[in-house]
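Take a look at the model first, and then read on.

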Amino acid sequence: MTVIRVVAAVVLDEQGRLLVVRKRGTSAFMQPGGKIEPGEQPIEALAREVREELGVGFDPSGARALGHHGAAAANEPGHQVAADLFLVSLDGDPRPQAEIEQMVWIDPGAPGDLELAPLTRDTVLELARVC
């Protein structure tokens, strides 16, 4: 089984809602983030991905590591993701950019009927409830 190494941002608003995004041509919502480029540290990759996907940044020194987690890849059948998760506070209002088609704030305790990526559904919702 192929493992894809990624970083992902856990972003909560003042009401405790969790930010999820959906990439163009896909159906599952997930955290902003993406693949780590050769030579990048995970937090550097996350800063790059968040800026590309949402048009805003965050202070890397204020990011809180939430651990390394694995799950089935949402958009690549037969693959697993190995994700470094970070709780971050954005420095502006996020807007879908690049490959992001849709962005939604959800209640991590009652996410509704959105299709969520396995990592979001099985790991991030619980982390968001306790952050």
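A salt bridge is a side-chain nitrogen of Lys or Arg within 4 Å of a carboxyl oxygen of Asp or Glu. This is a predicted model, in which local features need pLDDT of at least 70 and side-chain atom pairs count only at pLDDT 80 or more, while totals for chains, interfaces and linings use all residues. Residues are numbered from 1 along each chain as its sequence is written, and side-chain values use heavy atoms, with hydrogens and water left out.

**The annotated span**
- In UniProt, an unreviewed entry lists residues 2-129 as "domain: Nudix hydrolase"; such positions are given in the numbering used here, feature names are shortened, and annotations may be inferred rather than shown by experiment.
- Residues 2-129 are 20% helix and 35% strand, and the end C-alpha atoms of this span lie 30 Å apart.
- Helices (H or I, at least four residues) and strands (E, at least two) are DSSP runs, numbered from the N terminus.

**Salt bridges between strands**
- How many salt bridges does the structure hold? There are 12 salt bridges in the structure.
- One of them pairs arginine 5 with aspartate 84, with 3.4 Å between the closest N and O atoms.
- Because arginine 5 lies in strand S1 (residues 2-11) and aspartate 84 in strand S5 (residues 79-88), this pair ties together parts that are 79 residues apart in sequence.
- Arginine 5 is partly exposed, at a relative accessible area of 44%, whereas aspartate 84 is buried, at 13%; here buried means under 20% relative accessible area, exposed over 50%, and partly exposed in between (1.4 Å probe, protein chains only).
- Glutamate 101 and arginine 22 also form a salt bridge, their closest N and O atoms being 3.7 Å apart.
- Glutamate 101 belongs to strand S6 (residues 100-106) and arginine 22 to strand S2 (residues 18-23), so parts that are 79 residues apart in sequence are tied together by this pair.
- Is arginine 22 buried or exposed? Arginine 22 is buried, with a relative accessible area of 13%, while glutamate 101 is partly exposed at 42%.

- Arginine 129 and glutamate 126 meet through their side chains in a salt bridge of 2.8 Å, N to O.
- Both sit in helix H2 (residues 118-130), three residues apart, so about one helical turn separates them.
- Arginine 129 is partly exposed at 44% relative accessibility, and glutamate 126 is partly exposed at 42%.
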